[in-house]
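Trainee: I would like to learn how to read helix packing in a structure. Please take me through one case.

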Amino acid sequence: MTQTTDKLSKDQLLSLYRTMAVIRRTEEQLARAHQAGLIHGACHTYVGEEAVATGVCANLRTDDAVFSTHRGHGHALAKGVSPAALMAELFGRATGVSRGRGGSMHLFAPEVGMMGTSGIVGPCILQAAGAGYSFKLLNTDRVGVAFFGDGASNNGAFHEGLNMASIWKLPVLFICENNLYATEISINQSAGNPNVAERAVAYNIPGVQVDGNDVLKVYEAAREATLRARSGAGPTLIECRTYRTRAHAEGMRDAGYRSAEEVDAWKARDPLKLLAAQLPAADVAAIEAEVKAQVDAAYDFARNSPYPDPATATTHVFAD
Ligand SMILES: Cc1ncc(C[n+]2csc(CCOP(=O)(O)OP(=O)(O)O)c2C)c(N)n1
Ligand SMILES: [Mg+2]
């Protein structure tokens with residue numbers, strides 16, 4: 001066991017594995033459901049990147065606020081949304097987390113601090129800075145968290161959000177999920193410096209690059225950043241090097257821009273397998289069985305849930 005592992009109890013390690021398994025098995029079920037025509041609209045899965053949301057959210061409280069992306073199912077699940085409410089939402093059912101009106105890229109669950117997935121690349125960085133600003137004004141120790149991709153790090157929102165958070169020492173975690181591609185464009189083609197963490201120097205804040213497939217490394221970096229934010233010392237940029245092992249979105253091609261060898265090399269470093277290697281096999285098998293039952297039940301629940309009543313189309317549009 002590594003030094004980092006020693007700091008966590010066996011129960012904590014199993015809990016990290018369980019969260020990653022919930023994300024993986026839910027995403028696999030969603031991919032099958034997409035192929036079966038149950039999901040309307042785009043569906044970007046988080047397969048291969050589970051360690052990032054899991055390692056970060058394990059440090060968060062319910063009253064901390066997460067702002068997410070188009071690839072946000074993992075963030076929602078790690079922050080406390082149930083697989084049943086997530087699946088029902090993607091199937092457009094009234095029992096979904098956004099009552100069937102949002103779908104994959106409008107998942108909102110403020111009751112667990114999940115402040116939304118979004119189809120617009122970049123603004124979550126500014127929203128997290130804004131949440132951090134309000135948490136500071138309110139004199140709380142809550143933190144705002146932005147998950148965003150390498151593609152988003154080349155958007156103007158990145159500069160504005162990090163600069164603002166730096167000058168006002170806002171309690172924010174900027175989590176860059178550098179999966180090396182923005183759709184089909186390599187970070188080496190789109191960034192003058194592909195090491196996103198190094199950009200922190202420009203804002204005079206800490207920037208760290210971690211192995212985003214090692215949940216313990218992510219957990220440790222996020223722990224330090226969260227303690228720093230809660231203590232009033234300001235934001236941190238964490239670049240998690242990871243990889244999506246499915247296509248950019250379900251139904252899209254996954255060839256012509258990356259090699260099969262590259263995909264296989266990352267699959268060999270699967271985040272679930274890396275953690276499982278440090279755990280008793282029987283415990284891992286028990287968690288997998290438990291998660292399979294949970295995801296199967298979620299799928300049945302979602303499929304059997306009603307669509308929203310058309311008569312309620314204008315409900316939830318305005319605040320009461
Ligand atoms: C402002 C904006 N520009 C462009 C797009 C089109 N778009 C959707 S996903 C995507 C790639 C995003 O890449 P990255 O941020 O690395 O996230 P990943 O898909 O790799 O998780 C782009 C350009 C968009 N949705 N919003
Ligand atoms: Mg990317």
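Mentor: Begin with handedness: a crossing is left-handed if the near helix is turned anticlockwise from the far one by less than a right angle, and right-handed if clockwise. Helices (H or I, at least four residues) and strands (E, at least two) are DSSP runs, numbered from the N terminus. Here the crossing of α2 and α12 is right-handed. This is a predicted model, where local features need pLDDT of at least 70, side-chain atom pairs count only at pLDDT 80 or more, and totals for chains, interfaces and linings use all residues. Residues are numbered from 1 along each chain as its sequence is written, while chains are lettered from A and ligands numbered from 1 in the order in which they are written.

Trainee: At what angle do α2 and α12 pack?

Mentor: Axes are lines fitted to C-alpha atoms, for helices over the stretch in contact, and angles run from 0 to 180 degrees between N-to-C directions. For α2 and helix α12 (residues 281-303) the angle is about 40 degrees, and their axes are 9 Å apart. Angles under 35 degrees count as roughly parallel, over 145 as roughly antiparallel, 65 to 115 as roughly perpendicular and the rest as oblique. That makes α2 oblique to α12.

Trainee: Which residues of α2 and α12 meet?

Mentor: Two residues are in contact if their C-beta atoms, placed from the backbone, lie within 7 Å. From α2, the contact includes Leu14, Tyr17 and Arg18; from α12, Asp283, Val284 and Ile287 are among the partners. For classes, Ala, Val, Leu, Ile, Met, Phe, Trp, Tyr, Cys and Pro count as nonpolar, Asp, Glu, Lys and Arg as charged, and the others, Gly among them, as polar. The contact of α2 with α12 has 9 nonpolar, 3 polar and 5 charged residues.

Trainee: How do α2 and α5 pack?

Mentor: The angle between α2 and helix α5 (residues 83-90) is about 25 degrees, with the axes 11 Å apart. The two helices, α2 and α5, are therefore roughly parallel, and their crossing is right-handed. Val22, Thr26 and Leu30 of α2 meet Pro83, Leu86, Met87 and Leu90 of α5. By class, that contact of α2 with α5 has 6 nonpolar, 1 polar and no charged residues.

Trainee: And at what angle do α2 and α3 cross?

Mentor: Helix α2 (residues 10-35) and helix α3 (residues 50-57) cross at roughly 135 degrees, and their axes come within 9 Å. Hence α2 and α3 are oblique to each other; α2 passes α3 in a right-handed crossing. Leu16, Thr19, Met20, Ile23 and Arg24 in α2 face Glu50, Ala51, Ala53 and Thr54 in α3 as contacts. The residues of this contact of α2 with α3 divide into 5 nonpolar, 2 polar and 2 charged.

Trainee: How many helices and strands does the protein have?

Mentor: There are 12 helices and 7 strands in the protein.
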